[in-house]
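Subject: Handing over the structure

Hi,

Here is the structure I promised to pass on to you.

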Amino acid sequence: MIHRSPDVETSDEATGRALPSTSVVVPTHRRRRALAACLRPLLDDPATCELVVVVDHPTSGEDDGTAADVRALSERDARVRLVQVHGAGATGANDAGLRAATGEVVLFIDDDVVAEPGLVTGHARHHLRGEQLVVVGHMPTTVPHPRAPGQFATRFYAAEYLGCVGAWQRHGSEEVLRRLWMGNVSLRRADALRVGLHGDGTFTALRHGDREFGLRCLRAGLTGVYDPSLTSRHAHSRTLEQFRADARRQGAGRVVLAERYPDLVEVADPLTGLPAPLRRVLSAAGDGPAEPVLAGALSVAVRAGGALRCWPVEDTAAKLLRRLEHQAGMRRASRQDGR
């Protein structure tokens with residue numbers, strides 16, 4: 001591990017110009033075991049002037065020891081700083097890290113992301129050559145092989161991410177910000193503070209907080225840059241219960257996004273493309289009394305498909321369950337907004 005003081009200056013090999021000082025912010029919540037693998041390559045990069053680890057403690061329950069680990073690491077490496085928050089969520093934790101950071105550039109890395117060598121240097125180099133940039137690195141999801149039961153969520157996530165990358169490559173800068181995917185993203189600290197990473201806090205309990213930030217960056221005149229050479233690996237995992245909760249929050253978040261950015265976001269019907277009989281069943285369930293029963297039945301089918309290693313059953317049931325939860329979240333958000 002490299003031990004440097006926070007004021008070490010690094011330079012761009014091509015131009016000889018000093019790279020902007022770069023703070024790396026890592027929000028973490030109950031991932032003590034994975035955190036060491038995330039932090040190690042960031043500290044090995046000479047462009048990391050500061051590493052701010054934001055430990056988001058649960059609002060109830062015992063500390064899992066993450067803060068103590070980070071504090072011990074900070075005693076060995078002066079660049080490491082510990083920030084502690086409670087129930088802030090990913091966006092709130094990133095915001096706390098942004099405000100604690102002192103570098104000219106802030107790089108946000110998720111705690112389940114492992115950087116390839118040179119990642120921090122590559123981000124810093126982009127900001128040396130341009131202003132008002134939101135630089136997005138490559139973050140493919142590691143898909144386990146051979147497949148095991150319960151890994152459907154990771155496989156869905158991996159495919160969706162690659163679809164998003166394809167859209168960035170086809171449509172360029174505006175699409176990068178319209179569909180911003182946090183986890184390996186940098187911008188100048190002054191720009192992040194001006195735009196406001198956390199917004200009004202609405203998305204703390206919802207999904208799409210990163211996308212909402214991207215839309216605000218777009219409206220503020222920033223430019224999105226996707227650089228596939230800034231590579232990291234995403235060690236994604238979700239339980240069935242987390243998958244369901246995510247889908248419901250995604251639905252609610254999409255409604256709020258469309259309300260705030262009607263010119264940039266459309267609310268798509270989550271049941272589009274289903275056969276008419278199935279569509280009627282899911283639509284009728286909504287988020288009424290029948291919804292928990294149908295969601296429970298689909299959950300049983302997901303588990304049974306996985307246990308039998310019948311992957312088409314596991315995948316199909318999980319996709320229907322996600323649509324059902326997505327629809328329920330949308331309807332609930334619409335009612336709360338008075339529509």
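V300 lies in helix α11. In this predicted model, V300 is exposed, because its relative accessible area of 53% is over the 50% cut-off. The C-alpha atom of V300 is separated by 37 Å from that of W168, and the two residues are 132 apart along the chain.

Staying with α11 (residues 290-307), its packing against helix α9 (residues 240-260) is worth a look. The two helices meet at an angle of about 135°, and their axes are 11 Å apart. α9 and α11 are therefore oblique to each other, and α9 passes α11 in a right-handed crossing. On the α9 side the contact is made by L240, E241, R244 and R248, and on the α11 side by E291, A295, S299, V302 and R303. Sorted by class, the residues of this contact are 3 nonpolar, 1 polar and 5 charged.

Helix α9 also packs with helix α8 (residues 209-219), here at an angle of about 15° and with the axes 11 Å apart. α8 and α9 are therefore roughly parallel to each other, and the crossing is right-handed. R211, E212, L215 and R219 of α8 make the contact with R254, L257 and R260 of α9. That contact has 2 nonpolar and 5 charged residues, with no polar ones.

Now for the sheet. How many strands form it, and in what order? There are 8 strands in an open sheet with mixed pairing, and they run β3-β2-β1-β4-β7-β6-β8-β5. The edges are taken by β3 (80-86) and β5 (113-115); each has a single partner strand, so one side of each is left without a neighbour in the sheet. On average, neighbouring strands are turned by 30° against each other, direction ignored.

With strand β1 (residues 22-28), β4 pairs in the parallel sense over 4 bridges, and V25 has F108 of β4 as its bridge partner. With strand β7 (residues 184-188), β4 pairs in the antiparallel sense over 5 bridges; here V105 stands opposite R188 of β7.

Is β4 buried or exposed? Of its 5 residues, 5 are buried, so β4 is largely enclosed by the rest of the structure. In a regular strand the side chains alternate between the two faces of the sheet. In β4, V105, L107 and I109 point one way while V106 and F108 point the other way, and all of them are buried.

Next, the two helices α1 and α2. The axes of helix α1 (residues 32-44) and α2 come within 10 Å and cross at roughly 25°. That angle is under 35 degrees, which means that α1 counts as roughly parallel to α2. α1 passes α2 in a right-handed crossing. From α1, the contact involves R32, L35, L39 and L43; from α2, it involves T66, D69, V70 and L73. These residues divide into 5 nonpolar, 1 polar and 2 charged.

Finally, some backbone details to check in your viewer. Most residues other than glycine have a negative phi, and most peptide bonds are trans. Which residues does a cis peptide bond join? The pair is H145 and P146, with omega at about -5°. P146 sits in the loop between β6 (133-138) and α5 (152-171).

Q132 is not a glycine, yet its phi is positive, at about 50°. The loop between α4 (119-129) and β6 holds Q132, which is partly exposed with a relative accessible area of 36%. R309, also a residue other than glycine, has a positive phi near 55°. R309 belongs to the loop between α11 and α12 (311-336) and is partly exposed, with a relative accessible area of 49%.

Happy to go through any of this with you.

Best wishes

Note on methods. Residues numbered from 1 in each chain as written. Predicted model: local features only at pLDDT ≥ 70, side-chain atom pairs only at ≥ 80, totals over all residues. Heavy atoms only, no water. Pairing = 2+ DSSP bridges. Axes fitted to C-alpha atoms, helices over the stretch in contact; angles between N-to-C directions. Buried < 20%, exposed > 50% of the residue type's maximum accessible area, 1.4 Å probe, protein only. Parallel < 35°, antiparallel > 145°, perpendicular 65-115°, else oblique. Left-handed = near helix turned anticlockwise from the far one by under 90°. Contact = heavy atoms within 4.5 Å. Nonpolar A, V, L, I, M, F, W, Y, C, P; charged D, E, K, R; others polar.
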